[in-house]
Amino acid sequence: MQPFELTGIEVTYPGRAVPALAVAHARIPATGVTAVSGPSGCGKSTLLGAVAGLVPTAGTITAAGEPIGGRAWQAEVAWLPQQPHFVEGTIADNLRLARPDASEAELWRALREVALEVRVETLPQGLDTPLGEDGVSLSAGERARLALARVVLADRPWVLLDEPTAHLDDLTERIIVETVIALGRRSAVVVVAHKAAMIAAADHLIELVAPDRDRADLPVVATPRNEDRPITRAAPPPLPDAIEPPTGSRGLAVSTVVGALASASGVALTATAGWLIVQASTRPAVLTLLVAIVGVRTFGLARPVLRYVERLRSHDTALRLLARRRVEVYDALVPLVPARLGRRRGDLLSAVVDDVDAVVDRELRVRMPVRQLALVALLTVLVAASIHPLAGLVVAGFLALAGPGAYFLARHGAQRAEHTLVELRARLSAQVVEAFQVGDELRMWQAVDRTADRIAAVSARMGRSSVAETTWLAAGRALVLGLTGVAVAGVATITSAAVADGALSGPMMALLVLLPLAVAEVVAPVADAGALSVRCRAAESRLHRLARTAPAVRETVATAAAGSAEVDVRHARTSWERGAPLTPPVDLRLQPGGRVAVVGASGSGKSTLAALLVRFLDPVEGSVRLGGQRLHDLPLDDVRRLTGLVDDHPHVFSTTLVENVRLARPTATDVEVEVALRRARLGRWLDSLPDGLHTWLGDGHAAVSGGERARIGIARSLLADQPVLVLDEPAAHLDHATATELAGEVLGGTRDRSVVWITHGTAGLDLVDDVLDLTS
């Protein structure tokens, strides 16, 4: 194994003017621990991504003069990103992502090396405990250690670690540092580190510097970067009442009638054309055909016009119903976050998209075709019976057998497959979304093919179920065609005698014979409606289960109002899951304007305390009060308007930087957003963005580092200006100097808000009034 050289490495993300990483030359030895350090935003994580082959770079990375990279290189690398991701399955499944053939004893040994063995032993199912999406059933520190255990288990010659001690207490940090040192004895370890203990343990050090910026972070009122940009956002003008379309049952009822008239026009067109052709064969006076000619033209024009009106009106109504139903689903989802969601993002995506679409399809593609057939059938039978009663009886029999027969035949086949298909669609969606989310991990652990095989297996099961369902659907359509032929023959047989007796003219016979053939076009879609009805029922059942899921907290009738920003937690105990063991009791008293730091071992309940303060959870025992009132007695909106939370991994939405921050206060101007960003020590970074506040962030846009992400969350909280602010590990991904400056901004200065500072580090501890140690 040879050391490798980095020469002229430069990475510039799309939408950036300044490189995220610029390294003229660096050498990484083939053994020992090499620490990569530097200020937040200098490109440490980008450097690891470049070495791993996950980030396109300019420059060269060579070993013994030969370029490295590709799948063969990645098979030699064990990878721990700053934000580890986990696949669906158990703890054992996630560990075996690195080594599928690892024994249970090897799994326990890897957990022991990262000080996680005891924690997993306390879980009800041990290694077989299902791991929630993103490992939410574990604390941030426990998730980091589980991902590190995966690295230990892999035992590869090259190890890349991105801040493995970011969310750990001092004791666990020492254990992890020892683990990294042990890895360095048998592998080459490259570790991104902010903490002094990890840097001191390294054999080699690469110190990165931040790219040059033009301006400094100024905690003063800033000016807009572009004078032409408005600093306020005008609300969109309200829609005039005149364009409000009809919605609900009335709109669909009108669409049903118009659609029935369009179908009836098609039936009349065929029948009238048959009459006209036979009548013309007798060479009568042209004037006697004018009425029929006008009728054919009228029906021919009316059919597409009425169909267009029906489609326009029905789809407009259905899309509005779809929007309203989707809002209802979101209203059901929001109270379940984060404690009771219990479903993976792909499954939720299926519910919000496919299931809601299916429920709306019930109105548009199930009920409307059936109702239109009923109206057209009634009209057709009346016309046929008025001309020849027996012919009308045959047409009525045909419609009575073909319509329900096709509907229930297709429905029967769908019932056998559709419930399975709905679940398989949700599973496929979950697996595809997960594959994109954990794509880097899958590549680094050579699990792409395994994941693709699992997705292909689910897709194949869907294909087999779909074939069975389609077979029954085809049988329903075949039934319609078969009965159509029987009905045509029956009408022809009955009316031929009447024509021979002179009781019925030849043209009228042609009209009656063509009626079953013409109305078959209206009957055929009923088979599709029957198959779709099962899917709609299954989707509705899934949405109903979602709506019936009890949230962790419920909005109650407010009986009080918070008198102040005083926080009082007394002997509070809770749990994230029903029936799970309760957390140890917590006591916290925070006066208005006070500062309290919360410290403790990983998994001691620090993030759970934050969830109690913003009422993501209710205490099972004890009480949590705000302004002297129990949170349970306050409106939920008031609790979250008064108490803000910045969690340990703030979400960055796929929109502009200004909109990401303005989420906290939608009425804020661009100037106020910029001031908040500079107070959060993001001014230099902001100045490097080519579009400033209006640079796009999030998936597919300019990347942000872990430290930048954390400070965007803090900028939101500063902009919201809530009386109580809870920060969960705000400095976990920041260098010491930036963390100290940020702590001074949040904890120092005027005491116009109360702050709960949850941390594992030392930054800010000298600025608080009290320190609450949950370990004790």
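**Note on an aromatic cluster**

1. Trp158 is buried in this predicted model, with a relative accessible area of 4%. The residue belongs to strand S9, which covers residues 158–162.

2. Four aromatic pairs are counted in the model. Among them is the pair of Phe4 and Trp73, whose ring centres lie 5.8 Å apart. The planes of Phe4 and Trp73 meet at 85°, and because angles over 60 degrees count as edge-to-face, this pair is classed as edge-to-face.

3. The pair also links distant parts of the chain, since Phe4 is in strand S1 (residues 4–11) and Trp73 is in helix H2 (residues 70–74). Phe4 and Trp73 are 69 residues apart.

4. Both partners fall under the 20% limit for burial. Phe4 has a relative accessible area of 1% and is therefore buried. Trp73, at 11% relative accessibility, likewise counts as buried.

5. Trp73 also pairs with Trp158, with 5.7 Å from centre to centre. The angle between the planes of Trp73 and Trp158 is 55°, and the pair is tilted. Because Trp73 lies in helix H2 and Trp158 in strand S9, this pair ties together parts that are 85 residues apart in sequence.

6. Taken together, Phe4, Trp73 and Trp158 make up one aromatic cluster. Trp73 takes part in the edge-to-face pair with Phe4 and in the tilted pair with Trp158.

Conventions. Residues numbered from 1 in each chain as written. Predicted model: local features only at pLDDT ≥ 70, side-chain atom pairs only at ≥ 80, totals over all residues. Heavy atoms only, no water. Phe/Tyr/Trp six-rings, centres within 6.5 Å; stacked < 30°, edge-to-face > 60°. Helix = DSSP H or I, 4+ residues; strand = E, 2+ residues; numbered from the N terminus. Buried < 20%, exposed > 50% of the residue type's maximum accessible area, 1.4 Å probe, protein only.
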